[in-house]
Amino acid sequence: MKVIDKKPKQSGELSFISLLGGKNIITNPIRNDLDIISLSNEGITKASLDALISHLGISKKAFSENILDASVKTLERKKSTDKLSKHTSSIVIEIAKVVEHAFAVFGNEEKVKSWLNYPNRALNNMKPIDLFYLPTGLNMVNTILGRIEEGVYS
């Protein structure tokens, strides 16, 4: 079992906990993957979702409709302290982990937003963010980030 956040963060990096609003919102400690499963089962709050969306460079409407397959009005009706479903929480957490990897690779928010929202040849000229609605798509984006990190043309 892999331990989360063991390595020290570089100055430009954000942890997925920070991307989800920080320790004020995600109060349970995340030490390993089982803690992430517990967090998904418990459900993250709408405030965590809003925090993540602010780092992606897309609108709340685009995120909710294209990635979560939910109406933006449904999300807007929720209070910031309302919990999301297990499924939605799991997707949002996995997206935050991929975005954390993007921050580790690119080092700053503008580069991350630009890369996520620009067509990528290695993804058949699709924008990385357009693949976030599927676990396979998230995996592909994470793989491309790993290739970039290793210096492989991607």
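Author: In this predicted model, helix α6 passes α7 in a right-handed crossing. The contact draws on Val99, Ala102, Phe103 and Phe106 from α6, and on Glu109, Lys111, Val112, Trp115 and Leu116 from α7. Sorted by class, the residues of the contact of α6 with α7 are seven nonpolar, no polar and two charged. The geometry of the pair is as follows: α6, which covers residues 86-106, packs against α7 at an angle of about 120°, and the two axes lie 9 Å apart. Because angles from 65 to 115 degrees count as roughly perpendicular and those over 145 as roughly antiparallel, the value of about 120° makes α6 oblique to α7.

The helix α6 itself has 21 residues, and at 1.5 Å a residue these should span 30 Å. Its end C-alpha atoms are 30 Å apart, which agrees with that expectation. After α6 comes Gly107, with a positive phi near 85°.

A further partner of α6 is helix α2, residues 33-42. The axes of α2 and α6 come within 7 Å and cross at roughly 135°, which makes α2 oblique to α6. On the side of α2, the contact is made by Asp33, Ile36, Leu39, Ser40 and Asn41; on the side of α6, Lys86, Ser89, Ser90, Ile93 and Lys97 take part. By class, the contact of α2 with α6 has three nonpolar, four polar and three charged residues.

Ile93 belongs to helix α6 and has a relative accessible area of 0%, so it is buried. Leaving aside residues up to four places away in sequence, Ile93 touches Phe16, Leu20, Ile36, Leu39, Ser40 and Ile44. Of these, Ile36, Leu39 and Ser40 are also among the α2 residues that make the contact with α6. Ile93 and Leu19 are 74 residues apart in sequence, yet their C-alpha atoms are 9.3 Å apart in space.

The buried residues of α3 are Lys46, Ala47, Ser48, Leu49, Ala51, Leu52 and Ile53.

Two loop residues remain to be described. Asp69 is located in the loop between α4 (60-67) and α5 (72-77). Although it is not a glycine, Asp69 has a positive phi of about 55°. Its relative accessibility is 70%, and because the cut-off for exposed is over 50%, Asp69 counts as exposed. Asn125 lies in the loop between α7 (109-116) and α8 (135-149). Phi of Asn125 is likewise positive, near 60°, in a residue other than glycine. With 52% relative accessibility, Asn125 counts as exposed.

Terms used
Residues numbered from 1 in each chain as written. Predicted model: local features only at pLDDT ≥ 70, side-chain atom pairs only at ≥ 80, totals over all residues. Heavy atoms only, no water. Helix = DSSP H or I, 4+ residues; strand = E, 2+ residues; numbered from the N terminus. Buried < 20%, exposed > 50% of the residue type's maximum accessible area, 1.4 Å probe, protein only. Axes fitted to C-alpha atoms, helices over the stretch in contact; angles between N-to-C directions. Parallel < 35°, antiparallel > 145°, perpendicular 65-115°, else oblique. Left-handed = near helix turned anticlockwise from the far one by under 90°. Contact = heavy atoms within 4.5 Å. Nonpolar A, V, L, I, M, F, W, Y, C, P; charged D, E, K, R; others polar. Expected span 1.5 Å × (residues − 1).
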